[in-house]
Structures are given as structure tokens and as C-alpha cells.
Amino acid sequence: MTKAAVFGTGSWGTTFAMILAEAGNRTILWGRRPELVEGIQRAHTNLDYLPGVALPTSLGATTDPAEALDGADFVVLAVPSQSLRLNLAAWREHIPRDAVLVSLMKGVELGTTKRMSEVIREVAGVPEERVAVVSGPNLAKEIAQRQPAATVVACVDEEVAARLQAACHLPPWFRPYTNPDVVGVELGGAVKNVIALAVGVAVGMGMGDNVAAMLMTRGLAEISRLGAALGADPHTFAGLAGMGDLVATCTSPLSRNRTFGERLGRGMTLAEVIAATKQTAEGVKSCESVLALAKKHDIEMPITEVVVGVVHDGMSPSEAGMLLMSRSPKPERYGL
Ligand SMILES: NC(=O)c1ccc[n+]([C@@H]2O[C@H](COP(=O)([O-])OP(=O)(O)OC[C@H]3O[C@@H](n4cnc5c(N)ncnc54)[C@H](O)[C@@H]3O)[C@@H](O)[C@H]2O)c1
Ligand SMILES: O=P(O)(O)OC[C@H](O)CO
């Protein structure tokens with residue numbers, strides 16, 4: 001039987017572990033906090049991240065990385081992006097030689113501007129054929145409540161992608177598609193969080209659907225421009241990991257990124273919003289690394305730029321709106 005070790009007992013790590021367990025894989029969750037791990041083992045609940053959700057009784061949990069990794073075929077990583085490097089360095093000695101490392105994370109590393117699959121390859125010392133990414137319109141809470149969802153499993157090795165697809169295919173609940181375009185799938189997931197912050201700010205300011213549609217569409221243009229510079233397949237951005245995830249995240253009140261932006265748009269200070277945010281809103285940190293990555297490749301990302309301004313540099317939401325709307329007029333496909 002295939003074994004999956006899932007690192008991170010947050011909302012998505014736990015939900016994806018539920019899928020893997022119910023799809024018939026021997027699945028174990030690694031978590032930092034003994035009381036949370038004990039709740040999963042004994043009461044089959046994760047009260048902090050998925051209250052009211054009954055976890056499969058077959059789903060194991062441990063605080064010991066060596067126990068989680070022993071005999072694992074898939075090592076699934078679902079910790080906050082900025083913590084991956086340090087965590088993985090502590091786990092790597094226990095990772096089985098042939099295991100496939102799977103990123104569920106949607107961020108870009110600060111400082112290095114590396115995507116999560118790049119960090120994994122570097123820290124674990126594994127070739128790209130053994131690194132996969134899962135990304136798509138996957139709001140964890142909806143999936144944990146057993147609403148249907150689809151996702152994308154990306155790996156340059158199509159046989160590995162197909163194996164992971166089979167491992168997490170759970171009809172009629174969870175439907176994974178494969179895609180060899182790791183760069184595009186990963187970028188779609190990371191950059192949509194930045195655009196969701198922008199949409200949230202606009203919603204918080206009382207703006208309507210025209211503004212949200214404008215930001216989403218021009219946001220997709222930013223994602224596509226950056227993707228083209230990094231060698232992604234442009235078709236990926238029209239798919240689930242591109243437009244699909246952008247729409248889900250920018251329109252759902254369940255999105256932590258959109259909610260974060262909405263609070264800023266309503267006039268809360270950054271410190272107040274951070275204090276009110278209990279879970280990971282990756283775009284808050286990744287907006288800076290995405291912008292740095294864009295600058296490295298000489299790509300214009302005006303929405304990302306004002307998100308960095310509002311979140312980190314004291315720019316007011318109305319100033320950000322003014323800046324975007326006062327840019328020189330251009331053909332729609334400018335820069336694409
Ligand atoms: N929640 C979703 O709907 C969803 C869906 C798809 C992808 N993702 C992505 O999955 C990743 C994980 O998100 P999540 O929603 O599960 O986050 P979460 O905020 O719900 O949980 C984060 C988990 O990481 C742990 N953690 C926090 N800091 C840590 C550290 N320094 N070292 C180790 N563990 C640490 C927390 O205790 C918690 O278990 C993110 O990159 C997110 O963008 C989330
Ligand atoms: O809650 P968010 O904003 O982190 O978004 C969650 C998922 O990435 C949606 O696919």
C-alpha cells in the first residue's frame with residue numbers, strides 16, 4: 001500500500017491528508033504541537049483548523065518526523081512557505097531515497113525569490129523528476145466539508161504526476177488533472193494570492209464587481225507576463241491552477257488573502273490585520289518576493305507593486321487605486 005506523510009496540520013495539510021487517507025493510502029500527518037496531534041490520533045478531529053470535521057479514523061498523526069517519513073512514498077509539504085527551508089533541512093535525513101516530494105504551498109521565498117519546488121530540490125538534494133506540485137482552486141474548508149473540487153498535479157515526469165494523480169483521485173469528491181508545467185502551476189498559485197489581496201482591499205473600500213473583474217483580469221495578465229519570462233506554458237494560466245484559482249481566491253470570503261486585503265481596505269492598520277489573522281495569508285510576504293522576481297526579469301507588475309506599497313510601505317488604498325487608474329493608456333495585450 002502507498003504511504004503518504006503530510007507535513008503541516010493546518011487547514012490544507014489536514015484536508016489533503018483526509019483525501020489521501022480516504023483514497024486508500026496509508027497516511028500520517030506530522031504536526032508540531034502534541035495536543036493537536038493527540039486530537040487527531042484520539043478524537044479524529046483538528047479543532048484548531050477544521051472544527052466540526054470528522055477526520056478518517058485511518059489517518060495517523062505524529063510529532064516525530066522520522067516516524068512520519070519511515071517508508072513514505074509521497075512526502076507532502078504544507079507548512080508556511082517562508083518556513084519550508086528550515087523545516088526541510090531538519091527532516092531531510094529521514095526522507096526515503098525514492099520518495100516523491102510534493103508541495104502544496106503557494107508562496108515564493110523571500111530573499112532568494114525561489115519557488116517552493118526550487119527550495120525543495122535545493123534543500124533535499126533531489127532531482128526535478130522527484131518533485132511535484134499540487135495547486136488549484138482548493139479552498140480547504142469547502143473540500144473538508146466534502147464539496148467537489150478539482151486540482152492540478154504538476155511534475156516534469158509525467159509518470160510521477162500520474163502516480164500522484166491516482167493517489168489523490170477520490171470520486172466524486174476530488175478530481176486531479178496532470179500538467180508537466182511545474183513553473184506555471186506554481187506561479188499561478190503564488191501570484192493569485194497577491195491579486196486576491198488587491199481585490200480584498202477594493203472590496204473593503206466599498207468597490208463593486210467591475211473593479212474586482214478588472215483586478216482579476218489584469219492580475220492574470222501580470223501572472224502570464226511573469227510566467228512567460230520564466231518559461232511557463234501560457235495555456236496553464238487559462239486552467240485550474242491559473243484562472244481557476246484566481247477566481248476562487250479573489251471571490252471567496254473564505255480566502256485568507258482576500259480577507260486580509262478587505263480588512264486593510266476597511267481602514268484597519270497592518271498591525272490590527274495581522275493580529276486578527278490566525279492563519280497563513282501567503283501573499284502578505286510573497287508580494288515582496290514576487291515583485292523582486294519580476295524586477296529580476298524586467299517584468300512590469302503594477303498591481304503587485306501597489307499591493308507591496310499598501311501592505312508594507314504605508315501607501316493608502318485610495319492612493320494605490322489612483323496610481324493604477326492613472327497609468328498611461330495601453331493596448332490590452334501590451335507586454336504580453
Ligand atoms: N487553506 C487552504 O485553503 C489552502 C489551499 C491550497 C493551498 N494552501 C497553501 O498551503 C500552505 C499551508 O496552508 P494552510 O492553509 O494549511 O495553513 P494554515 O495557516 O491553516 O496552517 C499552517 C500550519 O503550519 C504550521 N506552522 C506555522 N508556522 C510553522 C513553522 N514555522 N514551522 C512548521 N510549521 C508551522 C501551523 O502550526 C499549521 O499547522 C500555504 O502555502 C497555503 O497557501 C492552502
Ligand atoms: O485562503 P487563501 O487565500 O490562502 O487561499 C486558499 C487557496 O489557495 C485557494 O485555492
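Start by selecting ligand 2 and the residues around it: Lys106, Gly136, Pro137, Asn138, Leu139, Lys192, Asp245, Thr249, Leu254, Ser255, Arg256 and Asn257. A residue counts as near a molecule or strand if one of its heavy atoms lies within 4 Å of it. Before going on, note that this is a predicted model, in which local features need pLDDT of at least 70 and side-chain atom pairs count only at pLDDT 80 or more, while totals for chains, interfaces and linings use all residues. Residues are numbered from 1 along each chain as its sequence is written, chains are lettered from A and ligands numbered from 1 in the order in which they are written, and side-chain values use heavy atoms, with hydrogens and water left out.

**Ligand 2**

Show the polar contacts (pairs of N or O atoms within 3.5 Å; within protein, one atom must be able to donate a hydrogen and the other to accept it, and residues adjacent in sequence count only if both atoms are side-chain atoms). Pick Arg256: an N or O atom of its side chain is 2.5 Å from an oxygen atom of ligand 2. For the Lys192 side chain, the distance to a ligand 2 oxygen is 2.7 Å. For the Asn257 side chain, it is 2.8 Å. Ligand 2 taken alone exposes 300 Å², and the protein buries 92% of that. These accessible areas come from the Shrake-Rupley method with a 1.4 Å probe; for residues, only the protein chains shown count as cover.

Now colour the shell by class. It divides into three nonpolar, five polar and four charged residues. Here Ala, Val, Leu, Ile, Met, Phe, Trp, Tyr, Cys and Pro count as nonpolar, Asp, Glu, Lys and Arg as charged, and the others, Gly among them, as polar. Next, select α10 (240-251) and α11 (256-265): each supplies at least two shell residues. Helices (H or I, at least four residues) and strands (E, at least two) are DSSP runs, numbered from the N terminus. The domain bounds come from an automatic or database domain assignment.

**Ligand 1**

Move to ligand 1. It has 23 residues around it, and Ser11, Asn87, Ala140, Thr280 and Glu282 come nearest. A backbone N or O atom of Ala140 is 2.8 Å from a ligand 1 oxygen. At Ser11, a polar backbone atom lies 2.9 Å from an oxygen of the ligand. At Gln279, the polar atom belongs to the side chain, at 3.2 Å. Ligand 1 alone exposes 820 Å², of which the protein buries 87%.

Select helix α1 (residues 11-22), which gives the most to this shell, with three residues. Both domains contribute here as well, so ligand 1 lies between them.

**The sheet**

Eight of them form an open sheet in the order β3-β2-β1-β4-β5-β6-β7-β8, with mixed pairing. Two strands pair if DSSP finds at least two bridges between them. The edges are β3 (60-62) and β8 (174-179), each pairing on one side only. Zoom in on β1 (residues 3-7) and β2 (residues 26-30): they run parallel, joined by five bridges. Lys3 stands opposite Arg26 in β2.

**Loop stops**

Go to the loop between α7 (158-168) and β8, where Pro172 sits. A cis peptide bond joins Pro171 and Pro172, with omega about 0°. Then select His44, in the loop between α2 (34-43) and β3. Its phi is near 55°, a positive value in a residue other than glycine. Finish at Arg146, in the loop between α6 (140-144) and β7 (149-154). Phi of Arg146 is positive too, near 70°.
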